[in-house]
Amino acid sequence: MRSKILWTLFILCLVSSFGLNANAKKISIGVLGKSVHPYWDVVEKGMKDAAEKLDVDATFYVPQSEDIAKQIETLEIWIAMGIDGISFAPSDPDAVVGVIKKAMNMGIPCISNDTDAPKSGRLCYIGTDNYTAGKIAGDKMVEILNGKGKVAICTGSLTAMNSLERIEGFKAALSQSPDIVIVEPVLVDYEDTARAVELAETALLDNPDLDAFFGVYAFNGPSAAKAVKTAGKVGKVRIVCFDTTNEHISLIEEGVIDAAVGQKQYFMGYLSVVLLANMARVGVENVMMLLPKNEEGDTIIDTGVDVVTKDNLKDYIKLLEKWGVKR
Ligand code: BGC
């Protein structure tokens, strides 16, 4: 299935480049992310590389931290400017339903990236299968803890679908091991790094017998690592988390983070532009027709994940270099 999708996207790249017309108004695309973080810099890089290749204008915006109002405001501005296509990563899928429906009704194609909003009427989702990825993280945690221990979960959102699905998948994996206890409630920092570190430090103080952290978002792993280092508990409190920024890679090298589920966010940015540029050039229906649908009739482009540990770190770094992600 994945090779079929990639083949289709290759055809779309060709369609785009043949469709160039020097006199036509340049196509404008907006890509909306969730917070200022090196994770999102990679999405932006993917967006820019595709925009250059396909000769379109692409704008990237992320709020400082989780900010649903700012996301909606940005979408409204882009709609008012008459943008040709939108890719959005909603911090709250329900809150964006109105604005996305408005854009779609005005003929502006919208697709979601990184985290979905199926009820918004968006055309497709490009990103990680978050439930499965959460389950993969959970299986890794069970393996690292040998099926026994106390785990705290840290996240940046309790509304974004990617966070909720990762937690659900993680808990499903742990439910197979009755000797693993999850500390409730889940710690939420609203994508604010300072708050994430504070919460991890407090969790260590409140639970002197804590065995591990699960970091749901990109800054949760490094924030937990900072707290674990400060408490002098490296190797005693284990860390499984999402994402593979340079900070994660260094912490895996150091042995502070045990495992990271690496997302392929470069492709979320890149493929958003490939699809939207083609929709503007050859029509939404002609592009959607080329993409496979799942059993529910929905179009999902699963960008996949890699599990990274000290053991496969060297090969993984080579992979990142191939994608142009600089260390
Ligand atoms: C998530 C994003 C989030 C980012 C930074 C990633 O794991 O996929 O939704 O904004 O972390 O926190």
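Which residues in α2 meet which residues in α10? In this predicted model, Y39, V42, V43, K45, G46, M47, D49, A50, A51, K53 and L54 in α2 meet Q265, Y266, M268, G269, Y270, V273, V274, A277 and R281 in α10. The residues of this contact divide into 13 nonpolar, 3 polar and 4 charged.

**Overall form**

- The secondary structure of the protein comprises 12 helices and 12 strands.
- The C-alpha trace spans about 65 × 40 × 35 Å along the principal axes of the protein.
- The radius of gyration is 20 Å, which agrees with the value near 20 Å for a compact globule of 327 residues.

**Packing of α2 and α10**

- Two packed helices are described by the angle between their axes and the distance between the axes.
- Helix α2 covers residues 38-54 and helix α10 covers residues 265-282.
- The two helices pack at an angle of about 35°, and their axes lie 6 Å apart.
- The crossing of α2 and α10 is right-handed.

**The second largest pocket**

- The volume of the second largest pocket is about 300 Å³.
- This pocket is lined by 18 residues, of which P38, V42, Q265, V325 and K326 are the closest to its centre.
- Two or more lining residues come from each of α2, α9 (246-254), α10 and α12 (313-322).
- Helix α2 supplies the largest share of the lining, with 4 residues.
- By class, the lining has 7 nonpolar, 6 polar and 5 charged residues.

- V42 in α2 and Q265 in α10 belong to the helix contact, and both are among the residues closest to the centre of the second largest pocket.

Notes: Residues numbered from 1 in each chain as written. Predicted model: local features only at pLDDT ≥ 70, side-chain atom pairs only at ≥ 80, totals over all residues. Heavy atoms only, no water. Axes fitted to C-alpha atoms, helices over the stretch in contact; angles between N-to-C directions. Left-handed = near helix turned anticlockwise from the far one by under 90°. Contact = heavy atoms within 4.5 Å. Nonpolar A, V, L, I, M, F, W, Y, C, P; charged D, E, K, R; others polar. 1 Å grid on protein atoms, 1.4 Å probe; cavity = no way out; pocket = protein on both sides within 12 Å on 5 of 7 lines; lining within 4 Å. Points joined across faces, edges and corners; volume = space filled by probe spheres on them. Rg over C-alpha atoms; globule rule 2.2 N^0.38 Å.
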